[in-house]
Amino acid sequence: MADANQKFVVVAHAGPAKVPAAQRVGDFGEIYAAFQEAAAQGQSSRCAQCGVPFCQSGCPLENNIPDWLRLAAEGREQEAWHQAEATSTMPEICGRICPQDRLCEGACTLEQAGWETVTIGSVEKYLGDLAFENGWVTPVRPLVERGLSVGIVGAGPAGLAAADRLRSAGYGVTVYDRHDRAGGLLTYGIPGFKLEKPVVQRRVDRLVEGGVQFRLGVEIGTDMEFADLRGSHDAVLIATGVYQAKRLSVPGCGSGGVTAALDYLIASNRKGLGDAVPAFDDGSLNAGGKRVVVIGGGDTAMDCVRTAVRQGATSVTCLYRRDRENMPGSAREVTNAEEEGVVFEWLAAPRAVLGDAGRVTGVRANRMALAVQGGDGRWSVEPVPGGEFDLSADMVIEALGFDAEDIPARFSAPDLAVTDWRTIWTAGATKATTVEGVFAAGDIVRGASLVVWAVRDGQDAAAEIDTWLTSRKQAAA
């Protein structure tokens with residue numbers, strides 16, 4: 001007889017209901033319905049409660065997944081929630097946008113054994129939404145006030161996670177961001193069909209209610225000098241993320257109609273938030289009525305193709321130089337895009353952007369073949385002789401990834417060391433930079449990565465800053 005919390009042999013794997021493709025492409029609402037209580041408990045009961053939980057080791061946050069799945073299966077949702085939030089400042093956000101198929105669910109013992117994974121992400125989302133609905137998510141209320149302050153540059157996931165932990169520990173926290181809303185890529189980069197914006201805003205609201213100060217529309221190095229920022233706080237965390245788009249370097253890539261992915265996504269998200277977006281209204285950053293080609297194979301590319309479909313593009317094609325199995329984006333997102341009508345041209349790389357009178361008319365590409373597999377498992381590619389072909393396009397979106405901006409130059413901080421990739425250098429496994437009292441976390445350290453890694457880095461940075469400030473205070477006593 002199977003244990004009450006090990007029902008994978010009698011309960012079939014089932015995710016939450018998904019809005020049919022023909023219906024969901026009409027708006028930017030999230031495409032997955034919420035689990036109902038019975039479904040959430042039933043799916044949680046499938047967990048095998050492994051002695052060695054590979055799901056936990058597959059999670060960057062090392063969440064106590066079997067523990068909260070067991071509690072959820074037993075109908076103890078509030079206790080399950082407290083287990084989930086113990087290791088994560090954003091469970092309901094990670095439950096929505098993490099590529100679970102490459103992390104916890106991909107590592108699940110049941111998945112590896114052929115029984116199909118536990119729907120970890122959907123249960124996590126369910127618990128988070130239930131917690132907000134029932135008032136289990138309370139404002140930050142420090143037990144003591146430390147009398148020290150921390151300035152955080154960047155209101156994205158790393159900065160928000162650090163702000164949560166530092167304020168909880170009793171520090172005064174001020175978050176600076178050049179955008180007019182907090183959230184970073186959570187607000188402006190990720191489309192609503194994956195993460196509706198009120199879900200982000202309620203996290204920000206909780207921090208504000210708990211005493212975190214936000215100074216938005218403030219760009220460090222322009223509106224405020226970095227030296228002044230350091231002088232205003234006892235420690236500083238740089239969590240700016242990486243926003244500089246990698247651009248095409250093929251003939252014709254400077255033509256009108258070629259745009260960077262983030263510019264395109266920000267315009268779409270701002271429009272959805274009700275902002276005036278002239279570049280959207282004049283058609284420059286609007287795919288409506290256009291033949292769109294997106295170049296790239298990551299999650300940002302998937303966000304772009306699926307956004308273009310919703311904007312009413314006449315056709316959407318994704319051009320990627322490797323095959324489906326070697327695509328860095330989430331397999332789930334690829335499937336969603338295919339269901340919504342996106343055409344994938346696998347093993348194809350751009351050779352030139354075609355144009356007429358300065359406007360894009362198409363993309364010339366070449367068929368590629370996998371060549372050599374490197375030590376990291378990635379395959380190099382080489383062009384197939386005679387494999388040239390053309391795709392018609394009125395709009396080309398470059399989703400080739402992101403590089404770090406020149407932070408030392410921007411901040412007038414020449415002593416702030418960076419790596420060969422211009423990411424901020426930190427000492428070993430720490431978050432400490434080469435400038436005393438200045439720490440760094442998230443993509444600006446590790447390069448463009450997942451939101452869950454940014455959350456982990458922000459939480460770790462907060463713990464390190466706490467230790468550093470405490471030791472300094474003790475030394476001065």
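**Ground rules.** I number residues from 1 along each chain as its sequence is written, and side-chain values use heavy atoms, with hydrogens and water left out. Because the model is predicted, local features need pLDDT of at least 70 and side-chain atom pairs count only at pLDDT 80 or more, while totals for chains, interfaces and linings use all residues.

**Entry 1, α16 and α17.** I looked up how helix α16 (residues 299-310) packs with helix α17 (residues 331-339): the angle is about 20° and the axes are 10 Å apart. Helices are DSSP runs (H or I, at least four residues), numbered from the N terminus. Axes are lines fitted to C-alpha atoms over the stretch in contact, and angles run from 0 to 180 degrees between N-to-C directions. The two helices are therefore roughly parallel to each other (angles under 35 degrees). I then listed the contacts (heavy atoms within 4.5 Å): M302, V305 and R306 of α16 meet E333, V334, N336 and A337 of α17. By class, I have 4 nonpolar, 1 polar and 2 charged residues in this contact.

I found E196 in the loop between α11 (185-188) and α12 (197-209). Leaving out residues up to four places away in sequence, E196 touches G29 and E30. A polar atom of the E196 side chain lies 2.8 Å from the backbone nitrogen of E30.

Conventions
Angles under 35 degrees count as roughly parallel, over 145 as roughly antiparallel, 65 to 115 as roughly perpendicular and the rest as oblique. Ala, Val, Leu, Ile, Met, Phe, Trp, Tyr, Cys and Pro count as nonpolar, Asp, Glu, Lys and Arg as charged, and the others, Gly among them, as polar. A polar contact is a pair of N or O atoms within 3.5 Å; within protein, one must be able to donate a hydrogen and the other to accept it, and residues adjacent in sequence count only if both atoms are side-chain atoms.
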